[in-house]
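I opened this entry to work through the chains and their contacts. My notes follow in the order I looked things up.

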Amino acid sequence: MSQQIVVKRDEERFIPLLWTGKETELGYEIVLAEPGASVTFRGLLIGRSDQNLALDIKVRHEAPNTTSDVVVKAALSDMAKTDITCLTTVVPGAKGANAWLAAHILLLSNKAKGLAIPSLEILENDIKAGHATTVGQPSELELFYMMSRGLSREVAKQLLVQGFLEDIISTFPPALARRAAKELAL
Amino acid sequence: MKDMLEIKNLHVSTADGTKDILHGVSLVIKKGEKHAIMGPNGGGKSTLAQVLMGHPGYTVTKGSIILNGTDITDMPPDQRAKLGLFLGFQYPVEVAGVNFANFLRMCVNEQKAEGEKKVSPIAFRNQLAEQAKKLGFSDELAKRSLNQDFSGGEKKKAEILQLAMLKPQFAILDEPDSGLDVDALRYIANALNSLEHPMGLLLITHYQRILAYVKPDFVHVVKGGKIVASGGPELAEKVEQSGYENLA
Amino acid sequence: MSSDARSIRASYPLGFHKPDKSVFRTPKGISREVVEAISYYKNEPEWMRRFRLQALMMFEQKMMPTWGADLSGINFDDIYYYVSPADRKFRTWDEVPEEIKDTYEKIGIPEAERAYLAGVGAQYDSEVVYHSLKRQWEEQGVIFVDTDTAVQKYPDLVREYFGTVIPISDNKFAALNSAVWSGGSFVYVPKGVHVEIPLQAYFRINAANMGQFERTLIIADEGSYVHYVEGCTAPIYTTDSLHAAVVEIVVKKGARVRYTTMQNWSSNVYNLVTKRMLIEEDGFGEWIDGNLGSKVTMKYPSVILNGRGAKGEILSLAFAGKGQHQDAGGKAIHLAPDTTSTITSKSVSLQGGRSSYRGMVKIINGAKGSKSFVRCDALLLDEISRSDTYPTNIVNEQDVTLGHEASVSKVGEQQLFYLMSRGLSEAQATSLIVNGFIEPIVKELPLEYAAELNQLINLSMEGAIG
């Protein structure tokens, strides 16, 4: 059921994902098959009510000088839940690989749940790889600051969520960015 | 009652109840007056500023805050703002991804009464640019994310710019001068002096230097969670010379 | 009792009341009879015998893990599950591999210890030092004995906690250990007592130090403090191929326990250890886990934060050299509000070694105000080695802060060039960089370990880079 994507020599692929609750399972298998191949994946998950998503992303660096930059951000309200699993593999010989994986989850209600497993399998040493995960809720201090300017708590929270997701939305193609903005609209 | 901010016997502790910080602070600020608060670090002056705005980290255990006759002691920050209160933060909070100008425009529009026409983005941009120019700032800040990657001086200027656009009745500025060099300090001071709308000002100072440029009507010293001395501008000079030791 | 057990018993009519003196070994393989014999031989109370048998059933039912390292080389039928201390076969010094002797020489292990570590002589004699410390502990009410003795001398205390932090159903190897365990330490620290000097494993009375199926139980009563240290940076040469130990630690309200392990098992060993701390309100538990040796290590020291304000810290160090797979990391389960966990993992892979970080942070709903930070860094020294990171983060509570960062890299060319331009050889420079890389963990180790570890690294670099 996964989407198979093969990236060729010196090709730069950009993969945007906007999830607003429809699907329950999404998978991507990305292969950086030839030298110079690069993939940028930007995922935005907006979950409400009892929406559930299992997102699985696999990236394989199979050639030298390949780059992967995968960032997934989720904003979950009500009882929404996301399981984000990513596995980035760098095979022997894929020298000069640059692999980055990040998952950031913002929990907006008491019953929202997040699971993140960003994994790396590195079999080539002449590379750079890293990953990061954060899970948390909007900061009280940020909310206070914005409310002190007259914005209600709800509005401040929505602004914060927009801000959190902004750097993902800004990479989306216009139509998708509009859809995302609409989902988050005040 | 009207046109005044009354602080009545305020006792404040940290929200988790572990530490008592203010032990009965009373103060009245009338619209048009400039009050300066000085005091040693850790004496409670910043806490006072934050509590007036409703900071979630503190609890008022006794006393009250009355703004133009309305008790705001238990009100959330946004309601206080709508009633005309403003807090210039000592450490303006960075909020990633939220555009400065858009944010400020929203706040300005929130202040408008029901049925009143909201400011459009373009109109706002113009107003902002004009105001920035008047204060001697570039409006380049407006294009960036709220306080993100702003230098110390830029953050403080941005707070004043927000103040100028929101036009509060009472403004509390928490150490607008800390972390600034002399030039930036003069900038801020000039900006404050050139604000046109009538306002009550409570200025928490770190260095007394700013008081050379923004002349206060009243000066108070907060030490050990209480006001230990009050007077006119000459109190500032006295403190400058003999320090905080000999006051209560 | 079946005929097998009876025949075992019949062969050794004398001596099962005096374990130290007799020669006893169960036949190869595991069975109900073997487990019964072990319990019978140790003269254990009924509840322990029953515990072992239940564990055996669990072991037989449980599947091998489907994740982690390759354990297909373990042949459960080819192992002696119990060998009495006196029956341990020793080898001659000549039989010890050159490289092991060499390492002892180079990292400065005292002569007296070398024989012991290489399985050539009997226990390293530290009697004098041990006795004066022993008196101090007794005065404070601290209990520090081997687990076998504890079962006999302090049955109520043992029974209350044994198997409560790691139940027999936990995993196949915990079940195995629960069935055939022998040796290990039992520590009880009374309320408010601070044990200033670290308790060292080799100070224990019985000789069963390097037991395959050690079972350690540490109970730190309210407000107490103890630091337990085991293992050694020097390579331990053993023919036992499976080391499946269990360490259970109970940290009561306001108590603090630090458990430091340094393992350097020889390259034929499967080192599968289940270690867990149950930490109550305001308690603080620390695991410092160093994995240098073995063929395969699977070890994930865990902290269960079971009371408000509980804190857990896991520092994991792993070196994977030729033919080794270190699959290590840590687990933190937040079950109460205002709990904090920190996991720091540093791994180095070289000469084809494979180092995997496997971790889990789980924060349940209701554990408000919890914080967790994980930092795992890996250094790959050459192109044939491997590094993996498998972190699992499960958050079911909104009011938390969780952060996780990982990086994988090789030794920086700029750094290497800079150091070599000051006259250091490539090996020296690399070893400096590697030592710097692991410094945050090394600084928490007892001095002797730290010094030996640095030496060991220098040696490895010379071997690898030359």
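**Which chains touch**

I began with chains B and C and found no contact joining them; their closest C-alpha atoms lie 12 Å apart. I note at the outset that this is a predicted model. Two pairs of chains touch, and the pair with the most contacts is A and C.

**Chain A**

I listed the secondary structure of chain A and got three helices and ten strands. Reading from the N terminus, I wrote down the order as β-β-β-β-β-β-β-β-β-β-α-α-α. Along the principal axes, I boxed its C-alpha atoms in roughly 55 × 30 × 30 Å.

**Chain C against chain A**

I looked up the residues on each side: 29 of chain C are in contact with 30 of chain A. On the chain C side, strand S18 (386-395) and strand S19 (400-409) each supply at least two residues. I sorted that side by class and got ten nonpolar, twelve polar and seven charged residues.

How do strand S9 of chain A and S18(C) run, parallel or antiparallel? I found them antiparallel, with six bridges joining S9 (residues 113-122) of chain A to S18(C). I picked out A:Ala116 and traced its bridge partner in S18(C) to C:Asn393. For my own reference, strands of a sheet pair through backbone hydrogen bonds.

**Chain B against chain A**

This contact takes 22 residues from chain B and 19 from chain A. Which elements of chain B give two or more residues to it? I noted helix H2 (77-82), helix H3 (100-111) and helix H5 (152-166). H3(B) gives the most, with five residues. By class, I have 15 nonpolar, four polar and three charged residues on the chain B side.

**The sheet in chain B**

I followed an open sheet of six strands in chain B, in the order S6-S7-S8-S3-S9-S10, with mixed pairing. Strand S6 (85-88) and strand S10 (226-231) stand at the edges. Each has a single partner strand, so one side of each is left without a neighbour in the sheet. I recorded an average twist of 20° from one strand to the next.

Within the sheet I checked strand S3 (residues 34-38) against strand S8 (residues 200-204) of chain B: four bridges, running parallel. B:Ala36 has B:Leu203 as its bridge partner in S8(B).

Next I looked for helices across this sheet. Helix H1 (residues 45-53) of chain B lies across S3, S6, S7, S8 and S9 of chain B, at about 140° to S7(B). Helix H8 (residues 233-242) of chain B lies across S3, S9 and S10 of chain B, at about 45° to S9(B).

**A helix pair in chain C**

I turned to helix H2 (residues 32-41) and helix H3 (residues 46-61) of chain C. Their axes come within 10 Å and cross at roughly 155°. H2(C) and H3(C) are therefore roughly antiparallel. I logged the crossing of H2(C) past H3(C) as right-handed. From H2(C), the contact is made by C:Arg32, C:Val35 and C:Ser39. From H3(C), C:Met48, C:Arg49, C:Arg52, C:Leu53 and C:Leu56 take part. I classed the residues of this contact as four nonpolar, one polar and three charged.

Notes
Residues numbered from 1 in each chain as written. Chains lettered and ligands numbered in written order. Predicted model: local features only at pLDDT ≥ 70, side-chain atom pairs only at ≥ 80, totals over all residues. Contact = placed C-beta atoms within 7 Å. Nonpolar A, V, L, I, M, F, W, Y, C, P; charged D, E, K, R; others polar. Pairing = 2+ DSSP bridges. Axes fitted to C-alpha atoms, helices over the stretch in contact; angles between N-to-C directions. Parallel < 35°, antiparallel > 145°, perpendicular 65-115°, else oblique. Left-handed = near helix turned anticlockwise from the far one by under 90°.
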